[in-house]
Amino acid sequence: MRVVVCVNHVPDTEAKIKIGADGRTIERAGVNYMLNPYDEFALEEGLRLREKFTGDVIAISLGNDQNKETLRKALAMGADKAVLLKDDGTRDSYAVAFALAAEIKTLKPDILLFGKQSIDYDNAQVPTLVAEMLGLPSVAVVVKMEVLEGKAVCHREIEGGHEIVQTSLPAVILAQKGLNDPRYPSLKGIMAAKSKPIEEKPAQPAEIRVEALGMRKPPGKAGGKILCADKAAVAELVRLLHEEAKVV
Amino acid sequence: MNILVFAEQRENRLKKTAFEAVRAAYDLGAQLGASVSALVLGSGSASLAGELGAYGASSVIAVDTPDLARYSSTAFAKVIATVAAQKKTDVLILSASQMGKDLAPRVAVKLGGGLAADLIALTVRDGEIVGTRPVYAGRALLDVRVTTPVKVFTLRPNVFTASPVDGTASVETIAVSLEEADFACVATDVQVASGRPDVTEADIIVSGGRGMKGPENFALIEKLADVLGAGVGASRAVVDAGWRPHDEQVGQTGKTVSPTLYVACGISGAVQHLAGMSSSKYIVAVNKDKDAPIFQVADYGIVGDVFEVLPELTEQLKKALGK
């Protein structure tokens, strides 16, 4: 079984976000980047599929040289090969998906795994765009999956429950937290990753369909009313919720 | 200019987010001089059409077939794109619900359009549609413009108000032919998690963190939630500790929520948590530590012990609400 996992290199969850000089992207200096957390679940699932069915796991990332750090981590966790689609510019989801789809087509995977979204732009659309571009079915926000002969049965999160979806293979699966517990790279894995290849090629150019006009910080909250705990405070809170906020 | 809204229904009931999307489309249409059509899919969907007129759709298109009784992203996307093309749609709007997020990218590709996802505002600036979307888990806002002739937008649930307008809609039933190959993936079953509203849909959320000290103490959270008819949320720390299911996690690696009221109990307010809930309209925080970051985003806070405050709050609200 051939598994392709797409991984993204994103600011870590604690990063302080500052607006960059261009007014449209963030200031990258001083921000730590890491493997997108949802992509770790995707990668782990891919490795487990290989362990069960044999085959190989190929990790792909689109971006600049810094993305190699994330690809090295994927290799250290156990991916067999990594591909960096190089692009120093800014792309929208469509342009990212276009270049990924073009590369993935040549790899002919049986299963294509992504994290359910990247925690930078939070678009949650690249995986499904790739699926549509490749004419493949997809299942999003998957917390449980089982691969059977020529098909997969997935549990996906929906509002208020889980939807069980059956899909033919090949398919695109979007991993959600809860799908598995990702392994830590072992020392042996980290050493081995150093000698595994990262293939570099230019990302295919594509049109931009969504243009960023301007980025800003969200408006801050005006100071709230803080009460000290006693029975009167609870009564006052109930009154505020009822009379001022009018929410209960 | 033609605006089409995909109005989501499940179990033959239109979702609140469908009304939100139709009303937002109506407001956009008023600025652009465009009328709004709504599309409902599924078995028995024609009977739902009338309701959408009251929120601003001037026409409703129903693809009412038992083939669409079960959700299939591949088949639904084909039907939506077919109808959108047939109706010469310029702007297609969906909710950024789990179904909308699943469909919008597919339909956008089929229509050759760009997709601006998960918008919290949709405005017209100098004759051009501008969407605003939170990025970096809400730590920044990005204004975007779709450059293609056909534009697709998804709207974050619970942000746009579903208030009715004085209107009625004409209803048209359209048949779209589907083949077996269109059902490459299909939902076979739905397992309902709990009787409580899901955090992404709840109007009120009561959420607990590490300050609750143990899974057994979430009974206090649940009691308060029951009085308020609220959903139950949890911080990442308590989900990772296995106290609560992941479905309830609010924050960057959980769900992003925008309820009218968010009650944070024993939650300190780590950056990841704030990212997921700071767009709530009113935030109440109960925490022992007066310096906890949660108080910086709270509209109302009580510095105190959750084990004393929560039972008292539950009692007083019960009385106030006559329960």
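User: Which residue is the bridge partner of A:Glu211 in β10(B)?

Analyst: The partner of A:Glu211 in β10(B) is B:Arg145. Please keep in mind that this is a predicted model.

User: How many bridges join β12(A) to β10 of chain B, and do the strands run parallel or antiparallel?

Analyst: There are 6 bridges between β12(A) and β10, which covers residues 140-146 of chain B, and the two strands run antiparallel.

User: What about the whole contact: how many residues does it take from each chain?

Analyst: Chain A gives 68 residues to the contact and chain B gives 75.

User: Which elements of chain A each supply at least two residues to that side?

Analyst: Among them are the strands β7 (138-148), β8 (151-158), β9 (161-168) and β12 (210-216), along with the helices α4 (126-134) and α6 (231-244). By class, the side of chain A that touches chain B has 38 nonpolar, 15 polar and 15 charged residues.

User: Let us turn to α6(A). How many residues does it have, and how far does it reach?

Analyst: Helix α6(A) has 14 residues and reaches 19 Å from its first C-alpha to its last, which is close to the 20 Å expected at 1.5 Å a residue.

User: Which of its residues are buried?

Analyst: The buried residues of α6(A) are A:Ala233, A:Val234, A:Leu237 and A:Leu241. Seen down the axis of α6(A), these buried residues fall within an arc of 100°, so they line one face of the helix. On the other side of α6(A), the exposed residues are A:Lys231, A:Ala232, A:Arg239, A:Glu243 and A:Glu244.

User: And what covers the buried residues of α6(A)?

Analyst: The cover includes β13 of chain A and, from chain B, β17 (282-287), β18 (300-303) and α9 (306-320).

User: You mentioned α9 of chain B. What else packs with α9 against the buried residues of α5(B)?

Analyst: The buried residues of α5(B) pack against β14 (204-208), β15 (231-234) and β16 (261-265) as well as α9 of chain B. Helix α5 spans residues 218-228 of chain B, and its buried residues include B:Phe218, B:Leu224 and B:Leu228. After α5(B) comes B:Gly229, with a positive phi near 65°.

User: New topic: which domains does the assignment give for chain B?

Analyst: The domain assignment gives domain 1 (2-183) and domain 2 (204-320). The centres of these domains of chain B, taken over C-alpha atoms, are 33 Å apart.

Notes. Residues numbered from 1 in each chain as written. Chains lettered and ligands numbered in written order. Predicted model: local features only at pLDDT ≥ 70, side-chain atom pairs only at ≥ 80, totals over all residues. Domains from an automatic or database assignment. Contact = placed C-beta atoms within 7 Å. Helix = DSSP H or I, 4+ residues; strand = E, 2+ residues; numbered from the N terminus. Nonpolar A, V, L, I, M, F, W, Y, C, P; charged D, E, K, R; others polar. Pairing = 2+ DSSP bridges. Expected span 1.5 Å × (residues − 1). Buried ≥ 20, exposed ≤ 12 C-beta atoms within 10 Å, placed from the backbone. Arc of directions from axis to C-beta.
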